[in-house]
Amino acid sequence: MDNFTFGMTMLICGMGGTLLTLWVMSLIMGLLGKLFPEKPEKKEA
């Protein structure tokens with residue numbers, strides 16, 4: 001495997017891993033948002 005092929009392989013794996021991680025984190029954040037919804041604050045008036 002020459003340097004160009006190795007570099008492209010690492011680029012694709014790195015970018016793919018980053019996008020996959022961001023996708024998984026967004027799923028976790030969405031799940032936590034559904035489990036613990038934001039409660040409206042009571043206004044003192």
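Asp-2 sits in the segment before α1, where helices (H or I, at least four residues) and strands (E, at least two) are DSSP runs numbered from the N terminus. The model is predicted, so local features need pLDDT of at least 70 and side-chain atom pairs count only at pLDDT 80 or more, while totals for chains, interfaces and linings use all residues. Residues are numbered from 1 along each chain as its sequence is written, and side-chain values use heavy atoms, with hydrogens and water left out.

Asp-2 is partly exposed because its relative accessible area is 45%; buried means under 20%, exposed over 50%, and partly exposed in between (1.4 Å probe, protein chains only). The side chain of Asp-2 makes a polar contact with the side chain of Thr-5 at 2.5 Å. Such a contact is a pair of N or O atoms within 3.5 Å; within protein, one must be able to donate a hydrogen and the other to accept it, and residues adjacent in sequence count only if both atoms are side-chain atoms. Between Asp-2 and Leu-19, 17 residues apart along the chain, the C-alpha separation is 26 Å.

The protein has one helix and zero strands. Helix α1 covers residues 3-35 and includes Leu-35. Gly-14 also belongs to α1, and with a relative accessible area of 36% Gly-14 counts as partly exposed. From Gly-14 to Ile-28, 14 residues on in sequence, the C-alpha distance is 21 Å.

Ile-28 is in turn part of a nonpolar surface patch of about 940 Å², whose members include Leu-20, Trp-23, Leu-35 and Phe-36. Patches are made of residues with over 30% relative accessible area and no salt bridge, like charges being joined within 9 Å and nonpolar side chains (Val, Leu, Ile, Met, Phe, Trp, Tyr) within 5 Å. A salt bridge is a side-chain nitrogen of Lys or Arg within 4 Å of a carboxyl oxygen of Asp or Glu. Leu-35 has 54% relative accessibility and therefore counts as exposed.

Glu-38 follows in the segment after α1 and is exposed because its relative accessibility is 78%. Glu-38 and Phe-4, separated by 34 residues in sequence, lie 49 Å apart, C-alpha to C-alpha.

For the protein as a whole, the C-alpha trace spans about 70 × 20 × 5 Å along its principal axes. Of the 45 residues, 0% are buried. The accessible surface comes to about 4,800 Å², with 72% belonging to carbon and sulfur atoms; areas come from the Shrake-Rupley method with a 1.4 Å probe, and for residues only the protein chains shown count as cover.
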